[in-house]
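User: I am new to this structure and would like to learn how its features are read. Please take me through them one at a time.

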Amino acid sequence: MSQITTHILDTTKGKPAANVSIALLQQVGDNWQEIARGQTNADGRIPDLLPKEKQVELGVYKMKFYTQEYFAQDGTANFYPFVEIVFNVAENAHYHVPLLLNPFGYSTYRGS
């Protein structure tokens with residue numbers, strides 16, 4: 001399993017959000033560098049965002065969820081064209097960053 005994982009639940013439908021593009025970026029100074037990109041599977045997950053053996057450096061990261069494209073798949077109007085979740089990697093551990101999503105709001109937490 002990747003050191004950094006995610007899943008998305010579309011809370012309007014009560015189902016996983018499939019086919020959502022996600023970028024993982026690392027903060028480098030005042031800039032962001034993309035280090036991985038993937039798309040959620042039918043279960044709303046990306047289990048292999050990073051290779052299993054890859055350990056990221058300690059620091060600040062963000063996941064960018066491209067929600068506009070997801071909602072456009074079925075013609076749903078939405079407010080946020082993308083969602084960015086910024087988080088600290090403070091130790092060499094597994095980080096799970098879930099997203100609870102609907103067309104006009106979202107929530108997140110550190111998962112396990």
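User: Is phenylalanine 79 buried or exposed?

Analyst: Burial is judged by relative accessible area, where buried means under 20%, exposed over 50% and partly exposed in between, with a 1.4 Å probe and protein chains only. Phenylalanine 79 has 56% relative accessibility and therefore counts as exposed. Tyrosine 80, at 29%, counts as partly exposed. The model is predicted: local features need pLDDT of at least 70 and side-chain atom pairs count only at pLDDT 80 or more, while totals for chains, interfaces and linings use all residues. Residues are numbered from 1 along each chain as its sequence is written, and side-chain values use heavy atoms, with hydrogens and water left out.

User: How many aromatic pairs does the structure hold, and how is such a pair described?

Analyst: A pair of aromatic rings is described by the distance of the centres and the angle of the planes. Rings of Phe, Tyr and Trp (its six-membered ring) pair if their centres lie within 6.5 Å; planes under 30 degrees apart are stacked, over 60 edge-to-face, and the rest tilted. The structure holds four aromatic pairs. One of them joins phenylalanine 79 and tyrosine 80, edge-to-face, at 4.9 Å centre to centre with 80° between the planes. Ring pairs also link Phe79, Tyr80 and Tyr106 into a cluster.

User: Which residue lies over the face of phenylalanine 82?

Analyst: A charge sits over a ring if NZ of Lys or CZ of Arg is within 6 Å of the ring centre and within 35 degrees of the ring normal. Here lysine 64 lies over phenylalanine 82, at 4.2 Å from the ring centre.

User: In what order do the strands of the antiparallel open sheet stand?

Analyst: Strands (E, at least two residues) and helices (H or I, at least four) are DSSP runs, numbered from the N terminus. Two strands pair if DSSP finds at least two bridges between them. The order of the four strands is S5-S4-S6-S7, with antiparallel pairing. Strand S5 (31–39) and strand S7 (83–89) are at the edges with a single partner strand each, so one side of each has no neighbour in the sheet. Between S4 (residues 21–28) and S5 there are eight bridges, and glutamine 27 stands opposite tryptophan 32 in S5. S6 (residues 59–65) and S7 pair over seven bridges; lysine 62 faces valine 86 in S7.

User: Which residues touch the most other members of the largest nonpolar core?

Analyst: A nonpolar core is a set of buried Ala, Val, Leu, Ile, Met, Phe, Trp, Tyr and Cys residues joined through side-chain atoms within 4.5 Å. The largest one has 24 residues, of which Ile4, Ile8, Leu24, Met63, Phe65 and Phe87 touch the most other members. S4, S6, helix H1 (67–72), S7 and strand S9 (99–102) each supply at least two residues. S7 gives the most, with four residues.

User: What is the pairing in the sheet S3-S2-S9-S10?

Analyst: This open sheet of four strands has mixed pairing. S9 and S10 form a hairpin with two residues between them. Four bridges join these antiparallel strands, and leucine 100 has serine 107 in S10 as its bridge partner.
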